Amino acid sequence: MKRLDFLIIAVVVLLSLAALIPALNRKGDIVRIEQDGKIIYEGGIHEDAIIEASGNTITISGGRVSITAADCPDGLCMSGECTSLHPLICVPNKLSVTIVSSKEGLDGISS
């Protein structure tokens, strides 16, 4: 391959990565915690908080959301981190943690 080929590939890769920057810098996202279908907490993803909900401890810190403690038998809800595509669910405690966009009417592709 020639130098021009490497340059073209590098430009294409950089442009592809630049398209992801708006998705990574989502300041308006909201953390929503629901239990039994009722919203028990709603707040910005960049507002650090610790929420206690029926045996679960949800920690929001540095733009990351996770369940850090749970009294359910298997503890599967503590195995990951909440993202807009991956909610956290605790079935025994009927708890769900989701990240929703503050922009009404837009989905992840059009925002």
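Student: How much accessible surface does the chain have, and what share of it belongs to carbon and sulfur atoms?

Tutor: Happy to start there, and keep in mind that this is a predicted model. The accessible surface of the chain comes to about 7,600 Å². The share that belongs to carbon and sulfur atoms is 61%.

Student: Which pattern of helices and strands does the chain follow along the sequence?

Tutor: Let's begin with the inventory: the chain has 2 helices and 7 strands. Read from one end of the sequence to the other, the pattern is α-α-β-β-β-β-β-β-β.

Student: Which strands stand at the edges of the open sheet?

Tutor: The open sheet is built from 4 strands with antiparallel pairing, in the order S2-S1-S7-S6. A strand at the edge has a single partner, so one of its sides is left without a neighbour in the sheet. From one strand to the next, the twist averages 15°. The edge strands are S2 and S6.

Student: What is the bridge partner of Ile-89 in S7?

Tutor: Nice detail to pick out. S6 and S7 pair in the antiparallel sense over 3 bridges. In S7, the partner of Ile-89 is Ser-96.

Student: Is Ile-39 buried, partly exposed or exposed?

Tutor: Ile-39 lies in strand S2, which spans residues 38-44, and it touches Arg-32, Ile-33 and Glu-34 beyond its sequence neighbours up to four places away. Its relative accessible area is 49%. Buried would need under 20% and exposed over 50%, so Ile-39 counts as partly exposed.

Student: How far apart in space are Ile-39 and Leu-95?

Tutor: In sequence, the two are 56 residues apart. Taken from C-alpha to C-alpha, their separation in space is 9.8 Å.

Student: Is Asn-93 buried or exposed?

Tutor: Asn-93 is found in the loop between strand S6 (88-90) and strand S7 (95-100). Leaving aside neighbours within four places in sequence, Asn-93 is in contact with Gln-35, Ser-54, Asn-56, Asp-71 and Cys-72. Its relative accessibility is 15%, and the cut-off for this class is under 20%, so Asn-93 counts as buried.

Student: Which residue forms a salt bridge with Glu-42?

Tutor: Side chains of opposite charge can pair when their charged atoms come close. For Glu-42, the closest N and O atoms of the pair are 2.5 Å apart. Glu-42 lies in strand S2 and its partner in strand S1 (residues 30-35), so the pair ties together parts that are 10 residues apart in sequence. The partner is Arg-32.

Student: How many residues apart in sequence are the parts that Asp-36 and Lys-94 tie together?

Tutor: The side chains of Asp-36 and Lys-94 meet in a salt bridge at 4.0 Å, N to O, and both residues are exposed. Asp-36 lies in the loop between S1 and S2, and Lys-94 in the loop between S6 and S7, so the parts they tie together are apart in sequence by 58 residues.

Student: Is Arg-64 buried or exposed?

Tutor: Arg-64 forms a salt bridge with Glu-81, their closest N and O atoms being 3.0 Å apart. Arg-64 is in strand S5, while Glu-81 is in the loop between strand S5 (64-70) and S6. With a relative accessible area of 52%, Arg-64 is exposed.

Student: What accessible area does the nonpolar patch with Val-12 have together?

Tutor: Val-12 has its place in helix H1 (residues 3-18) and, at 48% relative accessibility, counts as partly exposed. The patch is formed by Leu-4, Leu-7, Ile-8, Val-11, Val-12 and Leu-15. Together, their accessible area is about 570 Å².

How values were computed. Residues are numbered from 1 along each chain as its sequence is written. This is a predicted model: local features need pLDDT of at least 70, side-chain atom pairs count only at pLDDT 80 or more; totals for chains, interfaces and linings use all residues. Side-chain values use heavy atoms; hydrogens and water are left out. Patches are made of residues with over 30% relative accessible area and no salt bridge: like charges are joined within 9 Å, nonpolar side chains (Val, Leu, Ile, Met, Phe, Trp, Tyr) within 5 Å. Accessible areas come from the Shrake-Rupley method with a 1.4 Å probe; for residues, only the protein chains shown count as cover. Buried means under 20% relative accessible area, exposed over 50%, partly exposed in between (1.4 Å probe, protein chains only). Contact means heavy atoms within 4.5 Å. Two strands pair if DSSP finds at least two bridges between them. Axes are lines fitted to C-alpha atoms, for helices over the stretch in contact, and angles run from 0 to 180 degrees between N-to-C directions.
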